Amino acid sequence: MKSANLTPVFILLLLLASCSQPQNFDVLIKNGQIVDGSGKPSYTGAVGINADTIAAIGDLGDATGTTEIDASGLVVAPGFINMLSWATESLIEDGRSMADIKQGVTLEVFGEGWSMGPLNEAMKKEEQESQGDITYDIEWNSLNEYLEYLTNKGISPNVASFVGATTLRINQIGFEDRAPTPQEMDSMKLMVKQAMEEGALGVGSSLIYAPAFYSSTEELIELCKVASEYDGMYISHMRSEGSRLLESLDELIRIADEADIRAEIYHLKQSGKENWDKFDDVVAKVDSANAAGLHITADMYNYVAGATGLDASMPPWVQEGGYDKWAERLQDPEIRKKVKEEMTTPTDEWESLMQAAGDPSKILLVGFKADSLKYLTGKTLKEVAEMRGTSPEETAMDLVVQDGSRVGTIYFLMSEDNVKKQIALPWMSFGSDAGSPATEGVFLKSSTHPRAYGNFARLLGKYVRDEQVISIEEAVHKLSQLPASNLKIEKRGSLAKGNYADIVLFNQETIMDKATFEAPHQYAEGMQHVFVNGTQVLKDGEHTGNMSGRVVRGPGYRKE
């Protein structure tokens with residue numbers, strides 16, 4: 001009887017003893033400056049990881065970990081989201097994602113107009129033939145198949161994608177300058193439906209380039225209505241970032257309104273000195289649209305120069321039909337004469353980045369396909385024109401023909417003051433608009449924009465620490481929770497119990513970009529540790545070789 005009376009006491013003692021046992025985690029990150037992505041003030045604390053998930057965060061007392069990291073002196077933050085990534089090919093070549101992992105990017109978001117699916121056989125043939133330094137077999141058709149191809153191959157970051165309006169158009173219409181037939185429009189809408197149910201984030205467009213340039217506003221609205229049914233987003237490189245910037249923003253707002261869809265502006269900028277004063281008008285339009293109940297956001301890269309190709313210096317009509325037709329036309333003396341005239345004549349009919357740059361000395365040539373032209377890498381269009389004794393316009397046309405490509409080009413277009421003002425906007429997130437290369441191998445065959453190696457570290461070093469444009473808490477919010485919320489991505493973007501363990505640890509005193517326009521192939525410094533889905537892919541600044549990246553799917557995903 002006595003022992004029976006002691007049993008409840010004994011049980012209570014056992015429970016108390018078990019409660020006092022310190023928690024044990026697979027990984028324990030302790031003594032760090034926790035910046036959780038919410039924008040709230042940082043605090044000193046710990047993060048416990050079990051498997052792929054954040055199991056606990058805060059004051060974890062005497063907790064232990066199978067692996068322990070003393071984060072004293074380091075910021076502990078959610079992994080960063082690259083809202084505009086072109087790592088579609090670089091990840092095929094090198095799944096480590098070196099340039100971005102070394103800056104803390106744990107999610108690459110693709111789909112600026114062009115997405116890696118849905119492809120038909122003609123598109124696959126065209127893509128195969130247009131490959132440059134990086135070559136690969138195209139073993140997929142749908143966008144989802146491409147994303148799964150990447151993760152099956154092995155990649156360090158997570159990946160997600162919009163379905164490209166350009167890709168849909170080429171799939172059904174090719175490179176012709178015409179409206180889709182009702183049947184073609186139905187097919188494009190059906191492809192949006194399929195992509196959304198497979199996890200696409202929405203519809204992406206890039207409207208300064210042919211054949212995207214040929215799309216009407218109404219065509220885009222119809223595609224976006226389908227994405228809206230799945231709570232997707234419309235994201236756009238607008239028709240103009242210069243002379244018709246405000247009108248192009250009106251179009252994006254109209255699409256958002258009529259399709260009932262969230263919308264984001266890709267790499268917001270005011271291109272060309274004569275357009276720098278449009279900043280306030282842009283902000284007023286976005287704020288007004290949001291006040292009226294729409295959801296308009298933007299992303300940017302932290303540089304005064306953009307990068308694209310020489311196609312952005314030539315009228316879209318000469319590019320109709322794809323590269324082969326474009327190159328053929330550029331060899332016709334009469335057509336060349338007309339193209340040269342349009343390249344030098346101000347117009348609101350199309351976006352000329354050559355005119356926005358203002359001078360060929362502000363146009364840097366960085367990406368050639370042909371080995372015979374790679375010696376020109378890093379020279380300005382003005383320098384090459386002088387070497388050849390031809391005008392800048394004629395030189396640009398000749399290079400496109402001779403290289404068999406649009407030629408990778410950097411244009412100096414923007415104001416540093418506007419870059420700083422944009423960083424501080426509450427609805428601004430960030431994207432590199434670049435691949436994620438490495439400082440070795442095939443990547444060294446071409447130059448690149450320094451944003452490929454430095455965009456995110458530049459924000460944290462130059463603009464947060466050195467110039468104090470925004471606080472560290474606000475910067476991390478704009479790199480993580482804000483874009484995750486805009487994209488409707490679940491369980492990522494913040495340090496919270498139950499979220500996937502995408503976590504970065506960096507030294508706020510030393511983080512900095514090293515890449516320059518003259519020498520872009522240089523890794524950023526200061527990122528110490530990176531975890532993707534609970535697996536450490538960067539340790540003490542060096543890649544571990546782990547490939548734990550997954551496909552991240554949008555809100556419309558339908559599990560089979």
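1. Start with one pair of residues. Gly 309 stands opposite Gly 408, a residue of strand 16. Keep in mind that this is a predicted model. Strand 16 covers residues 408-412, and it pairs with strand 14 in the antiparallel sense. Five bridges join strand 14 and strand 16.

2. Three strands make it up, in the order 14-16-15. The sheet is open, and its pairing is antiparallel. Strand 14 (305-309) and strand 15 (363-367) are at the edges. Each has a single partner strand, so one side of each has no neighbour in the sheet. Neighbouring strands here are turned by 30° against each other on average, direction ignored.

3. A word on sheets in general. Strands pair through backbone hydrogen bonds, in either a parallel or an antiparallel way.

4. Six strands form it, and the order is 9-10-11-12-13-17. Strand 17 pairs with strand 13 (residues 296-300) over three bridges, in the parallel sense. Look for Met 300: its bridge partner in strand 17 is Phe 430.

5. Next, a helix against strands. Helix 8 (residues 217-229) lies across strand 10 (202-206) and strand 11 (233-237). The helix runs at about 155° to strand 10.

6. Turn to the nonpolar cores. The largest has 106 residues. Which residues have the most contacts inside it? They are Tyr 234 and Phe 506. Leaving aside neighbours within four places in sequence, Tyr 234 is in contact with several residues, among them Val 203, Leu 207, Leu 220, Cys 224 and Ile 255. Its contacts also include Arg 262 and Glu 264. A second, separate core has 36 residues, including Ile 208, Met 314, Met 397 and Val 400.

7. Finally, check Arg 169. It sits in helix 6 (residues 165-173). Is Arg 169 buried or exposed? Its relative accessible area is 0%. The cut-off for buried is under 20%, so Arg 169 counts as buried.

8. What does the side chain of Arg 169 reach at 2.7 Å? The answer is the backbone oxygen of Arg 178. Arg 169 also touches other residues, not counting those up to four places away in sequence. Among them are Glu 176, Pro 180, Met 188, Tyr 214 and Glu 219.

Technical notes
Residues numbered from 1 in each chain as written. Predicted model: local features only at pLDDT ≥ 70, side-chain atom pairs only at ≥ 80, totals over all residues. Heavy atoms only, no water. Pairing = 2+ DSSP bridges. Helix = DSSP H or I, 4+ residues; strand = E, 2+ residues; numbered from the N terminus. Axes fitted to C-alpha atoms, helices over the stretch in contact; angles between N-to-C directions. Core = buried A, V, L, I, M, F, W, Y, C linked by side-chain atoms within 4.5 Å. Buried < 20%, exposed > 50% of the residue type's maximum accessible area, 1.4 Å probe, protein only. Contact = heavy atoms within 4.5 Å. Polar contact = N/O pair within 3.5 Å; in protein donor to acceptor, adjacent residues only side chain to side chain.
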